[in-house]
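Welcome! Take a moment to turn the model around on your screen, and then let us walk through it together.

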Amino acid sequence: MLGVNVNEASTSMCQPLMILKSAPVLVDASPYVLNHANKELIEVARRGNPSVLRQRSFDGLSSETWMAELINEMKTRCLMAHQILSGLFENSIYPDKRNPALCLIYGIIMFLRCHELSKIQRINSVLLIQGQASVNMIAELNKYGFCREPKMKYNILDDIGNHFLDRAAELVKSGHRFVYVLDNIDWEEKAHDMRQDVQNRSVHAVATSIVFNRVPEKDLPNSGPQKNLHHCNVDDLVIVNDEDTKTIRARYLSIIAKLFFF
């Protein structure tokens with residue numbers, strides 16, 4: 001028979017129990033603290049008093065003081081959230097190393113709440129593009145709120161029009177008539193990742209279109225009843241009853257009252 005030391009066995013069996021007893025117990029944070037921090041972030045996301053993260057123009061992205069402005073925003077407008085995030089960092093970390101990480105975490109939280117708060121994501125996108133990061137990598141980082149989506153290009157002419165001359169020739173042969181219509185088209189080309197040499201620009205173009213009648217008109221009669229409006233009696237054309245007259249009178253009185261008293 002094999003001899004077993006009861007004391008050693010009991011000691012080894014009790015060790016896991018001692019480890020479990022000494023393990024930290026996770027508790028939920030105070031609902032008041034979380035609700036208060038959530039209300040602060042909601043107010044920061046509003047457009048009335050815009051956040052620093054809404055500065056998405058070239059001047060806003062190229063500013064050298066944006067990090068200090070963002071830290072000041074956290075300390076003044078969302079103090080509870082700032083205390084929670086700051087408390088997760090060690091006190092021994094220097095501000096030069098802590099502030100960038102703090103701004104990044106804060107920027108991701110706000111970007112996931114509102115995609116208009118995308119200043120940090122735009123900066124990261126520019127850095128990734130300048131570093132020749134692959135589209136797949138940018139797409140994966142976008143899932144975590146680190147940067148914006150990869151730029152997708154399309155040919156705007158595919159949405160405006162196409163080549164229909166063959167179809168136009170068939171309509172002309174079948175007896176349809178057409179007229180040329182000229183119209184102006186203006187649109188704004190917004191830079192996906194704005195830089196000094198990549199800016200938003202306004203584009204103006206003139207579009208020419210051919211408009212056909214739905215049915216041929218050469219065989220249609222043109223002898224319908226026609227009158228000169230100068231010789232027409234308006235009362236015969238537009239019949240106004242008493243109720244319409246009262247409504248028109250009330251509206252005129254309302255307009256006159258606004259002109260005199262407001």
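## Cysteines first

A disulfide is a pair of cysteine sulfur atoms within 2.5 Å. By this rule, the count here is zero disulfides. Where do the cysteines sit, then? C103, at 0% relative accessibility, counts as buried, and C147 counts as buried at 0% relative accessibility too. Here, buried means under 20% relative accessible area, exposed means over 50%, and partly exposed lies in between (1.4 Å probe, protein chains only).

## How to read this model

This is a predicted model, where local features need pLDDT of at least 70, side-chain atom pairs count only at pLDDT 80 or more, and totals for chains, interfaces and linings use all residues. Residues are numbered from 1 along each chain as its sequence is written, and side-chain values use heavy atoms, with hydrogens and water left out.

## The overall plan

The protein has 12 helices and two strands. Helices (H or I, at least four residues) and strands (E, at least two) are DSSP runs, numbered from the N terminus. Along the sequence, the pattern reads α-α-α-α-α-α-α-α-α-α-β-β-α-α.

Of the 262 residues in the protein, 22% are buried. The accessible surface comes to about 21,200 Å², and carbon and sulfur atoms hold 57% of that; such areas come from the Shrake-Rupley method with a 1.4 Å probe, and for residues only the protein chains shown count as cover. A contact means heavy atoms within 4.5 Å. Among contacts between residues at least 6 apart in sequence, 62% join residues at least 24 apart.

## The nonpolar core

In soluble globular proteins, nonpolar side chains tend to be buried together. A nonpolar core is a set of buried Ala, Val, Leu, Ile, Met, Phe, Trp, Tyr and Cys residues joined through side-chain atoms within 4.5 Å. The largest one here has 24 residues, and L53, L70, M74, C78, Y106 and M110 touch the most other members. At least two residues of this core come from each of α2 (31-45), α4 (66-77), α5 (79-87), α6 (95-113) and α7 (119-130).

Which residues does C78 touch, leaving aside its neighbours within four places in sequence? They are E40, L41, V44, E73 and Y106.

Let us start with α7. Its 12 residues reach 17 Å from first C-alpha to last, close to the 16 Å expected at 1.5 Å a residue; the expected span is 1.5 Å times one less than the number of residues. Nine of the 12 residues of α7 are buried, so this helix is largely enclosed by the rest of the structure. Among them are I120, I123, V126 and L128. The buried residues of α7 pack against α3 (58-61), α4, α6 and α8 (135-143).

Now look at α12 (residues 242-261). Its 20 residues should span 28 Å, and its end C-alpha atoms are 28 Å apart, which agrees. The number of buried residues in α12 is zero, so this helix lies largely in the open. At its start, a side-chain oxygen of N241 comes within 3.4 Å of the backbone nitrogen of E243.

## A residue with a positive phi

Most residues other than glycine have a negative phi, and most peptide bonds are trans. Q132 has a positive phi of about 60° although it is not a glycine. Q132 lies in the loop between α7 and α8. Is Q132 buried or exposed? Q132 counts as exposed because its relative accessibility is 71%.

Definitions and conventions
A polar contact is a pair of N or O atoms within 3.5 Å; within protein, one must be able to donate a hydrogen and the other to accept it, and residues adjacent in sequence count only if both atoms are side-chain atoms.
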